[in-house]
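Work through the exercises below with the model open beside you. Try each task before you read its solution.

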Amino acid sequence: MTREVITQSADETIAFGRTLTELLSPPKLVLLRGDLGAGKTTLVKGIAAGFAAAEEEDVTSPTFTLVHEYRGPGASLYHIDLYRVDTPRELETLGLDDLRSNASVLLIEWGEKFPRLLRERDVEISLERQGENGRKITIMS
């Protein structure tokens, strides 16, 4: 199934993220695709809020820490950024398999760099800029 949505602002992207809890109910491995600044973390703000795992303002990019964890009453969300991870060996040292459980949702940015994650993904969400503030969000599940 493929679904496409256009948002016109960061607030609309966050609001759309809040609506994805049913689609992303655990366990899920989700690849988030898009160029730098495409809105991946903005979408995760809404997803985390939708799961009551974090307030929108508490969700930040895991670019340097690589993994941020947000725990909600029904799910543990792991926001993972693989931009700085270059080899399968580096990927293995992150222990992503240890994060997977029946109550977890892994939201992985730049996961398309690794064929294993492309094979294992349950959902793929692509974000593409549409002008200055607009985003085209494509969901494949």
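Predicted model: local features only at pLDDT ≥ 70, side-chain atom pairs only at ≥ 80, totals over all residues.

**Exercise 1. Describe the overall build of the chain.**

Step 1. Count the elements: the chain has 5 helices and 7 strands. From the N terminus, their order is β-α-β-α-β-β-α-α-β-α-β-β.

Step 2. Check the packing. The radius of gyration is 14 Å, close to the 14 Å from the globule rule for 141 residues, so the chain is as compact as a globular protein of that length. This radius is taken over C-alpha atoms, and the rule is 2.2 Å times the number of residues to the power 0.38.

Step 3. The C-alpha trace spans about 40 × 30 × 30 Å along its principal axes. Of the 141 residues, 49% count as buried.

Step 4. Look at contacts, meaning heavy atoms within 4.5 Å. Among contacts with a separation of 6 or more, 63% join residues 24 or more positions apart.

**Exercise 2. Find the largest nonpolar core and its main contributors.**

Step 1. Define it: buried Ala, Val, Leu, Ile, Met, Phe, Trp, Tyr and Cys residues joined through side-chain atoms within 4.5 Å.

Step 2. The largest such core has 25 residues, and Leu 43, Leu 77 and Ile 125 have the most contacts inside it. E2 (28-33), H2 (40-50), E5 (104-109), E6 (123-130) and E7 (134-140) each supply at least two of its residues. H2 gives the largest share, 4 residues.

Step 3. Follow Ile 125. Beyond four places in sequence, its partners include Leu 20, Val 30, Leu 43 and Ile 137.

Step 4. Locate the other core. It is separate, has 15 residues, and includes Leu 66, Tyr 78, Leu 106 and Trp 110.

**Exercise 3. Why is H2 called largely enclosed?**

Step 1. Of the 11 residues of H2, 9 are buried, so the rest of the structure largely encloses this helix. Among the buried ones are Lys 40, Leu 43, Lys 45 and Ile 47.

Step 2. Name the cover. It includes H1, E2, strand E4 (76-81), E5, E6 and E7.

Step 3. Just after H2, Ala 52 takes a positive phi of about 55°.

**Exercise 4. Characterise the setting of Arg 100.**

Step 1. Arg 100 lies in the loop between helix H4 (96-99) and E5. Its relative accessible area is 35%, which makes it partly exposed.

Step 2. List its contacts outside four places in sequence: Leu 29, Leu 106 and Glu 120.

Step 3. Finish with Ser 76. It is 24 residues from Arg 100 along the chain, with 9.5 Å between the C-alpha atoms.

Notes
Residues numbered from 1 in each chain as written. Heavy atoms only, no water. Buried < 20%, exposed > 50% of the residue type's maximum accessible area, 1.4 Å probe, protein only.
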